[in-house]
Amino acid sequence: MASVPLVAALGMSFGAAEAQAHTGDLTGVAVCQADGSYKAPVKLTTANVPAGNSGSTMWKLGTPSFQGTPTSAAGMDRGPVASVGNTTVTLGTLTFPGTTTGSPWVYAYTSWTPDGFARGSDNQITGMDGTCIPDNPGPRTVIGTVQKGTASCTTHEVEQFRVDTVIPQVWSATAKAYIDDPDKSHWTTVRVDLPSRPMTADEVKACPVPDVKQCVTTVGFPTDAVVYADVHTAADSPVDNVITSGPFTVNTQISVSVPTTNYKFTVIRIVAKDGTVLKTQQVTSTTACNTVIPDNPGPRTVIGTVQKGTASCTTHEVEQFRVDTVIPQVWSATAKAYIDDPDKSHWTTVRVDLPSRPMTADEVKACPVDVPPNPGPKTVVGNWQKIEGSGDCVTTYSVWEQQGTWSVPQIWSNGAYVNDPNTAHWTLVKVDKRSRPMTVAELKACPTSSDSDRGIDATPGLEGAAHNWVAILTPSGIVLLVGLLAIWTTLVLRRRRQPMEEEI
């Protein structure tokens, strides 16, 4: 009679499992990246999952040879990845070299709670034909040497420029890298104008020196006047040149200096404010006209070498600068010229920022690989584990289990973010508990001091409990249920034999 509800219960259990045939489909399509690698997001799409069920998936990358649909999570080295109900989740992203061909398999195994259903999934990564190459980094620029342009003896400045060579890059299947275009007809040159620099001392000395004459005249009385020098060109065109203005005191001496190369310096005139000529001095061979010390040309700047500044792996540009030395000039009566100040404590240095230059190929290679932002911690759900000492061998014949949920930080490893292997960094979020019927081994481990202590003589209650167990078991629990019924039958028969043994 006890077998009738058992068969009914088994039928109900098979029907529930068939109605809840969860599915999990894997997909993975590789896409060529700008850096010349393939990236393939591996996605799992679940279906037919009853409401309220949560999935936990472990997965792995296989070889191009099919290994069979997984029947457990054994050997799965990635995950777990959580999902809720019917959804599509990304298990992770795989990275392959751009030369990869073929379609490697990926495998996954998903377990759902609380119904305990599990499913293995498999599929192949597609889209890799071995032709993925990085984006062309653009032409390489070879920086030319700094060259001297036009020199001005008026400003004492020298123009500077350089000629850079721009070389297109082409992909080399042999080197598996971008190289300089071997066809030099495609190369171009670009002139880059640089800031002018001061002349060196030798360059200044090479400039033509004007014939400077100084002529002296004297104002013999106080006056508020203007001093002119009549200067004529070689074509004898007069040019009035204002030298200085008053007021002048008694016996003020006025020095007039003008270049005489290609000019004729003939007359000095002192003219009052109202235009009255107060004095005219004819410049003759007897007039006090002498060579004078030229004006100080100002400090000499020694150009420093071009130095490398900060390099940017974002713009692929390198800052450039130089440190020039500014040296004051002092008159040397011996050399009759301006020379560098021998007191070096008067010298100063000046940093000059120059136009940035493109990085060289080696400098670009030294830049760190871009790392995507950390996606943040993942939620990892552990397996159900029995709470030791929680068995009830008297009333419900059940034990308690607990399941932990953790927040697991992600770390960058081998081109992808993975779970932090240091579990000390994990944070326990919650602990769920549930009860389940005892297994055969757990029932056998119960105390055997007396049948009444184990509650065996309540046969109707046991039958009801067995029925409840069957109702919640999945097909994988049928064997356990049959074993429990066998134990129960043995106990009942032994109970019936006891009165007969006592009579004997």
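## Report on a predicted protein model

Gln 169 is placed in strand β12, which covers residues 169-172. Helices (H or I, at least four residues) and strands (E, at least two) are DSSP runs, numbered from the N terminus. The model is predicted, so local features need pLDDT of at least 70 and side-chain atom pairs count only at pLDDT 80 or more, while totals for chains, interfaces and linings use all residues. Residues are numbered from 1 along each chain as its sequence is written, and side-chain values use heavy atoms, with hydrogens and water left out.

**The chain as a whole**

The secondary structure of the protein chain comes to seven helices and 33 strands. Of its 504 residues, 30% count as buried. Buried means under 20% relative accessible area, exposed over 50%, and partly exposed in between (1.4 Å probe, protein chains only). Among the contacts in the protein chain with a separation of 6 or more, 64% are accounted for by residues 24 or more positions apart. A contact means heavy atoms within 4.5 Å.

**Gln 169 and its surroundings**

Why does Gln 169 count as buried? Gln 169 counts as buried because its relative accessible area is 11%. The side chain of Gln 169 makes a polar contact with the side chain of Asp 180 at 2.8 Å, and it reaches the backbone oxygen of Ile 167 at 3.2 Å. A polar contact is a pair of N or O atoms within 3.5 Å; within protein, one must be able to donate a hydrogen and the other to accept it, and residues adjacent in sequence count only if both atoms are side-chain atoms. Not counting residues up to four places away in sequence, Gln 169 touches several residues, including Asn 136, Pro 137, Arg 140, Tyr 178 and Asp 180.

**The second largest pocket**

The second largest pocket has a volume of about 1,100 Å³. On a 1 Å grid over the protein atoms alone, a cavity is a set of points where a 1.4 Å probe fits but cannot get out, and a pocket is an open set with protein on both sides within 12 Å along at least five of seven lines; lining residues have an atom within 4 Å of a point. Grid points are joined across faces, edges and corners, and a volume is the space filled by probe spheres set on the points.

The lining of this pocket has 38 residues, of which Pro 134, Asp 135, Pro 137, Tyr 178 and Val 364 lie nearest the centre. β9 (140-142), β12, β13 (177-180) and α3 (361-365) each supply at least two lining residues. The largest share, four residues, comes from β13. By type, the lining divides into 19 nonpolar, eleven polar and eight charged residues.

The structure holds five aromatic pairs. In one of them, the rings of Phe 66 and Trp 105 have their centres 4.5 Å apart and their planes at 50°, so this pair is tilted. Phe 66 is in the loop between β4 (54-61) and β5 (78-84), and Trp 105 is in strand β7 (residues 105-113), 39 residues apart, so that the pair links distant parts of the chain. Trp 105 also forms a stacked pair with Tyr 107, at 6.4 Å centre to centre and 15° between the planes. Rings of Phe, Tyr and Trp (its six-membered ring) pair if their centres lie within 6.5 Å; planes under 30 degrees apart count as stacked, over 60 as edge-to-face and the rest as tilted.

| Residue | Relative accessible area | Class |
|---|---|---|
| Phe 66 | 43% | partly exposed |
| Trp 105 | 14% | buried |
| Tyr 107 | 1% | buried |

**Backbone features**

Most residues other than glycine have a negative phi, and most peptide bonds are trans. Lys 176, although not a glycine, has a positive phi of about 55°. Lys 176 is placed in the loop between β12 and β13 and is exposed, because its relative accessible area is 52%. Tyr 397, also not a glycine, has a positive phi of about 50°; Tyr 397 is buried at 8% relative accessibility.

A cis peptide bond joins Gly 79 and Pro 80, with omega about 0°, and Pro 80 is found in strand β5. Another cis peptide bond joins Thr 113 and Pro 114, with omega about 10°.

Terms used
Ala, Val, Leu, Ile, Met, Phe, Trp, Tyr, Cys and Pro count as nonpolar, Asp, Glu, Lys and Arg as charged, and the others, Gly among them, as polar.
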